[in-house]
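Me: I would like to learn how to read aromatic rings in a protein model. Please take me through some cases.

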Amino acid sequence: MAALGEDLLGIVNKLQDLVFNTIGNDSLDLPQIVVVGSQSSGKSSVLENIVGRDFLPRGSGIVTRRPLILQLINVPSEEEDAPEAHTAASVATQPEWAEFHHIPNRRFTEFQDVKREIENETARIAGNNKGINRSPINLKIYSPHVLSLTLVDLPGLTKVPIGDQPTDIEKQTRNLISEYIAKPNSIILAVSPANVDIVNSEALKLARHVDPLGRRTIGVLTKIDLMDHGTNAMDILSGRVYPLKLGFIGVVNRSQQDIQGNKSLSEALKSEADFFKHHPAYRNMANRCGTQFLAKSLNTTLMAHIRERLPDIKARLNTLMGQTQQELASYGDMHFSGKEHKGALILQLMTRFASSFIASIDGTSTEISTKELCGGARIYYIFNSVFGNSLETIDPTTNLSALDIRTAIRNSTGPRPSLFVPELAFDLLVKPQIKLLEVPSQRCVELVYEELIKICHTCGSTELTRFPRLQTKLIEVVSDLLRERLGPASQYVESLISIQRAYINTNHPNFLGAATAMSNVVSNKQERERRKLIQEEKERKEQRRRKELEATNGGETPEEGEDAVPEKLENLPHRKQLQKTSRSMSPAIRENGTSAMVSSMNGLRGGSPPRFNGQAPGGPRDSFLNYFFGKDGGLPGGTGFPQAASPAQMTGNPNLGRHVSQSAEPSITQSIRRQEERPVQRTPAQQAREDDYELGRAQRDYNYDSPFGNNSEPALTDREAMETELIRALISSYFNIVRESIADQVPKAVMHLLVNYSKDAVQNRLVSELYREDLFGELLYEDDAVKNEREKCEKLLRTYKEAAKIVGEVGM
């Protein structure tokens with residue numbers, strides 16, 4: 001078993017040399033013993049006792065300023081009767097030497113030279129300002145009396161910076177120590193002075209932080225001989241104060257006086273053994289104290305630890321080899337880069353680039369991100385969310401005021417008066433609204449183009465990064481292809497909008513239609529008027545209730561005249577309405593009178609019974625609607641006019657109703673005028689002033705419940721308001737039809753003319769543009785950085801393979 005243990009430690013030393021010679025860091029996390037302790041706790045003295053030589057620098061303040069990786073290698077003695085290893089006799093008689101990693105092939109037989117070289121190498125890297133450095137010093141000591149060990153001496157913990165030390169020297173030291181002891185393959189050798197309370201030990205505090213169960217921590221108590229008289233460290237050594245799985249070991253080092261008196265280490269080891277044998281408290285456990293027992297314990301523990309961690313080292317080596325092999329493959333095969341293979345290599349890289357471009361669009365790429373949308377998913381997002389939402393946010397009539405619609409209606413009729421809403425006005429107004437769909441449609445094309453450019457820049461493999469010029473050319477060719485297809489796609493999308501504007505198909509099955517739209521408008525108007533009447537009725541009842549309440553409390557009794565006021569106010573709007581309507585009528589209608597207009601618009605025939613239970617037909621606006629859409633009905637409530645019979649009713653001739661008699665008009669008109677003019681006789685000037693006054697009141701009292709109520713625009717007549725609302729409804733209906741069509745056709749056009757075309761043509765375009773023998777040399781220019789990375793990767797892979805070979809020599 002001892003031979004197997006020596007072989008294991010030899011293997012670890014070989015691995016450590018191999019790693020530091022090639023990689024420069026401990027990527028394998030090899031088993032080693034890390035020495036931790038506060039400044040002046042006796043760390044260096046413990047190491048010197050284990051080695052049996054005085055080789056470490058000493059002085060005031062922090063002396064160990066770089067990690068020292070100390071490999072103790074036991075070499076067989078040339079003498080047959082050589083004394084036992086690591087005893088006072090062996091230390092005094094056996095030859096030994098040291099070697100530094102940074103000075104290969106040089107042996108140091110004088111350990112004073114070793115001390116000076118450590119000081120010089122520390123100053124060379126860490127400087128002379130007492131600061132620390134992470135770069136380690138590798139030192140091997142070959143001796144027949146040492147036990148094979150791998151120790152790491154770290155800077156001592158300090159609290160207060162002195163001299164020109166950095167202000168954060170404590171933080172730097174703690175971070176450096178934590179970096180070494182945090183590795184699970186490290187054994188922690190926590191050195192604590194016995195003349196200081198163990199609860200204040202900085203070494204044990206750091207060790208507990210990374211090894212809370214104490215499974216890989218060995219405690220070392222120094223300066224036991226300096227404890228106060230009457231006290232001892234038995235409780236600590238027996239594990240009753242601070243339990244550790246590997247226990248505590250007490251040692252006695254040379255004092256400063258012994259060092260200054262040049263007391264040899266062989267004498268120190270003998271004095272240590274005598275101290276534990278004759279001390280009344282420690283003599284019963286003297287065989288478990290001292291430097292010799294510490295060295296054997298460390299050797300045994302390290303061997304067991306290596307044996308335990310060796311399978312993990314093998315697994316770690318296999319993982320590192322796999323990762324390195326994969327990284328090296330990404331840089332390309334150098335055996336395939338000869339002159340005769342350049343054409344095949346370029347064709348292979350172009351094919352991979354084109355396949356990656358297509359796979360990114362189709363969503364079949366192996367490098368799909370899980371953090372954000374990419375590739376074809378972003379194109380779908382543009383179609384569904386960005387483009388769809390931008391179309392939905394367009395209000396088809398938001399930029400059309402009532403004045404704009406009224407102006408379009410009037411302009412479309414020219415000098416002729418309109419009997420009903422002209423279709424030309426609808427065409428004039430709906431085409432500019434359809435044009436609003438062009439901006440988001442073109443933006444959709446641009447967004448898809450930009451996304452394809454992004455996909456193009458993210459395509460390729462790590463092998464392609466070897467040739468930056470080839471990668472640049474591939475991206476440039478694909479970008480030119482996409483730029484060529486952007487024009488036809490944009491033009492086709494523009495033509496889609498123009499096609500929709502070229503012919504307004506009012507026969508579309510989803511179109512609302514004039515009759516349905518007018519029915520909705522009338523229903524909405526009647527509903528608004530009904531709500532208004534209900535509100536007015538509530539207000540009158542509330543007013544009447546307040547007056548009755550006042551009368552009950554001793555106020556005046558409301559007179560009948562006050563109740564009659566609302567009735568008069570109700571009749572006033574009809575007169576204003578009649579005046580406004582008469583102004584919008586043609587001169588012929590105004591001359592012939594209201595009765596002729598009513599009879600002609602409603603198309604009354606001879607012998608037809610009067611409508612609305614004997615009441616006269618509705619006002620001019622309802623008569624116009626009834627005539628245009630063939631519907632019955634009039635204004636709700638009374639008209640304020642006496643019932644008048646049509647000429648057909650008076651004569652009994654059924655054909656008379658088709659052509660209104662001119663002789664019948666004056667009598668009806670005069671009768672209406674007599675009824676209006678009978679109460680008061682006015683002069684023409686007074687009548688004109690009164691008409692102007694009532695017209696101003698009508699404009700001020702305009703119904704703001706209507707959607708067209710706006711002080712910034714001229715007041716609309718009832719007919720104009722009805723026509724405006726009708727046009728708005730028709731425009732919204734037709735615009736929604738066109739919007740659905742554009743939302744469906746634009747993504748299809750973009751996919752066909754831009755996306756799918758580019759996918760199908762990218763391979764052919766790359767081959768035709770770049771597969772030329774005169775370009776091979778330029779395109780296959782390799783970046784120097786990639787060359788260096790590949791060489792580094794090859795070196796690393798050889799190191800791991802050799803390490804695996806070394807580990808494989810041990811049969812498990």
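Me: Which residue lies over the face of Trp-97?

Reply: This is a predicted model, where local features need pLDDT of at least 70, side-chain atom pairs count only at pLDDT 80 or more, and totals for chains, interfaces and linings use all residues. Residues are numbered from 1 along each chain as its sequence is written, and side-chain values use heavy atoms, with hydrogens and water left out. A charge sits over a ring if NZ of Lys or CZ of Arg is within 6 Å of the ring centre and within 35 degrees of the ring normal. Here Arg-107 lies over the face of Trp-97, 4.0 Å from the ring centre. Lys-183 has its charged end over the ring of Tyr-180, 5.3 Å from the centre.

Me: How many aromatic pairs are there?

Reply: A pair of aromatic rings is described by the distance of the centres and the angle of the planes. Rings of Phe, Tyr and Trp (its six-membered ring) pair if their centres lie within 6.5 Å; planes under 30 degrees apart are stacked, over 60 edge-to-face, the rest tilted. That rule gives ten aromatic pairs. One of them, Phe-275 with Phe-276, is edge-to-face: 5.3 Å between centres, 75° between planes. Phe-275, Phe-276 and Tyr-282 form one aromatic cluster.

Me: Is Phe-276 buried or exposed?

Reply: Buried means under 20% relative accessible area, exposed over 50%, partly exposed in between (1.4 Å probe, protein chains only). Phe-276 is buried, at 2% relative accessibility.

Me: Why is the pair of Phe-511 and Tyr-734 edge-to-face?

Reply: Their planes stand at 80°, with centres 5.8 Å apart, so the pair is edge-to-face. Phe-511 is buried at 12% relative accessible area, and Tyr-734 is buried at 4%.
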